[in-house]
Amino acid sequence: MVFAMNGKSKKSMIFLIIGILLIAANLRAPFTGLPPLLGILSHDYDLTTVAAGVLTIVPLLAFAIISPFGGFFAQKYGLERSLFGALIIIALGILFRSLESIWCLYLGSWLIGMGIAIGNVLLPSLVKRDFPDKIALVTSAYALTMGIAAAICSAIAIPLANSFGWRGALGIFLILPVVAMLFWFQQLGSKTQPITTTVNSSYEGKIWRSSIAWQVTSFVGLISAIYYIIIGWLPMILIEAGMTPVEAGTQHGILQLATAIPGLILAPIISKMDNQRLPAAMSCILSGIALLGILWFPALSFVWSILFGIGIGAGFILGLTFIGLRTQNAQQAVALSGMSQCIGYLLAAIGPIAMGALHDVLNSWTIPLYIAILLTVIAAIMGTFAGRNIHINYENNSKN
């Protein structure tokens, strides 16, 4: 990788990359560390399945509501400072979530969602700006980091809860934003020129009229919905299938770790392809096959967890990469990132609570899983459109 970009030295670019990876570690792990503990939380607070599911959708609602404002924060404060602020918000959310009051649990989850939303929107734009020729590589690297961090947090959640209680287990995740802030602090001295180079308000409205922007958004949204449905409920699905909470938590962690695998192999493949239609469709097909396996052969959940993680992980990397590949500059990237993640996380918020409600009515995960499988089919179709080698063109939207 060439480090001397945009007038920055090799050393500063190395620290920038490390900072990006540490920020990425905070964009999934604080959220995915919660589902393995939902059974304990539900028992302590006497929560129904739907009430417990609300805990998983609160951050997703924050993602959907806050994502469109990512460009505003970048415009007002710059990318670097906005990302640092996102880490502060995540840290505060983790702190609140580990307190005893139930309202702190929900407030903390909301704050975590706010911080992650800002990071999710702005990080692809930062990659587009500083690594325009290495978008797939850098995106794969930070997606790999996201997967590894999430896997570790998922796998250790139950053991930590057994040792320190569930509040202590959730509180330990505070290490992630604190370490990231220590590394990212030095980036605050090189504030971007946000008004001219980061975002322009005219992009925000135009992006919503681009057909390719909607295709990318649909793909990102469906992938997000599928992912958060399974991430939110997999431990409970496996427990109802006969696993112990520790075993279910381990499978949850394995799935998260498997999402990192595509980050190791996808970047060089994408860079050599004229378009990304085939990998986009295949990522969804693999996810659908894995869900069928969980439904029909739950005893082999180890295999299906890995397969689903690989498929959905590839889908996430492709969705994030599309934001850079389908835009022509950092301004468009911020606008498309905000749009795709607003719609995407709105769908992701609806998915888990709807599946939880269906489970309560039917007392079974069969229909919810079949619905998730149907979503993978639709996502595969949208991926073939989003994977075309074209760019957003405001002057001629008919070509989009």
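Mentor: Let us begin with a definition: helices (H or I, at least four residues) and strands (E, at least two) are DSSP runs, numbered from the N terminus. The model is predicted, so local features need pLDDT of at least 70, side-chain atom pairs count only at pLDDT 80 or more, and totals for chains, interfaces and linings use all residues. Residues are numbered from 1 along each chain as its sequence is written, and side-chain values use heavy atoms, with hydrogens and water left out.

Trainee: In which helix is Val-58 placed, and is Val-58 buried or exposed?

Mentor: Val-58 belongs to helix α4, residues 49-66. Buried means under 20% relative accessible area, exposed over 50%, and partly exposed in between (1.4 Å probe, protein chains only). With a relative accessibility of 11%, Val-58 is therefore buried.

Trainee: Which residues does Val-58 touch, not counting residues up to four places away in sequence?

Mentor: Contact means heavy atoms within 4.5 Å. By C-alpha positions, Val-58 and Ile-353 are 10 Å apart in space, although 295 residues separate them in sequence. The residues that Val-58 touches, with those up to four places away set aside, are Tyr-106, Ser-109 and Trp-110.

Trainee: How many salt bridges does the count come to?

Mentor: A salt bridge is a side-chain nitrogen of Lys or Arg within 4 Å of a carboxyl oxygen of Asp or Glu. Arg-129 forms one with Glu-80, with the closest N and O atoms 3.1 Å apart. Arg-129 also meets Asp-130 in a salt bridge, at 2.8 Å from N to O. The count comes to two.

Trainee: How many residues apart in sequence are the parts that Arg-129 and Glu-80 tie together?

Mentor: Glu-80, Arg-129 and Asp-130 are linked in a network of salt bridges, and both Arg-129 and Glu-80 are buried. Arg-129 and Glu-80 form a salt bridge. Because Arg-129 lies in helix α7 (residues 102-130) and Glu-80 in helix α6 (residues 79-97), the pair ties together parts whose separation in sequence is 49 residues.

Trainee: Which side chain of opposite charge is nearest to Arg-326?

Mentor: Arg-326 sits in the loop between α16 and α17. For charges, Lys and Arg count as positive and Asp and Glu as negative, while His and the chain ends are not counted. A polar atom of the Arg-326 side chain lies 3.1 Å from the backbone oxygen of Gly-387. Arg-326 is buried yet has no salt bridge, and the nearest side chain of opposite charge, 11 Å away, is Asp-274.

Trainee: Which backbone oxygen does the side chain of Thr-217 reach?

Mentor: Thr-217 is part of helix α12, residues 211-240. Its relative accessible area is 1%, so Thr-217 is buried. Leaving aside neighbours within four places in sequence, Thr-217 is in contact with Leu-336, Met-339, Ser-340 and Ile-343. At 2.8 Å, the side chain of Thr-217 reaches the backbone oxygen of Ala-213.

Trainee: Is Ser-305 buried or exposed?

Mentor: Ser-305 is found in helix α16. Ser-305 touches Leu-234, Gln-251, Ile-254, Leu-255 and Ala-258, not counting residues up to four places away in sequence. Since its relative accessibility is 1%, Ser-305 counts as buried.

Trainee: Phe-302 also interests me; is Phe-302 buried or partly exposed?

Mentor: Phe-302 lies in helix α16. At 45% relative accessibility, Phe-302 counts as partly exposed.

Conventions: A polar contact is a pair of N or O atoms within 3.5 Å; within protein, one must be able to donate a hydrogen and the other to accept it, and residues adjacent in sequence count only if both atoms are side-chain atoms.
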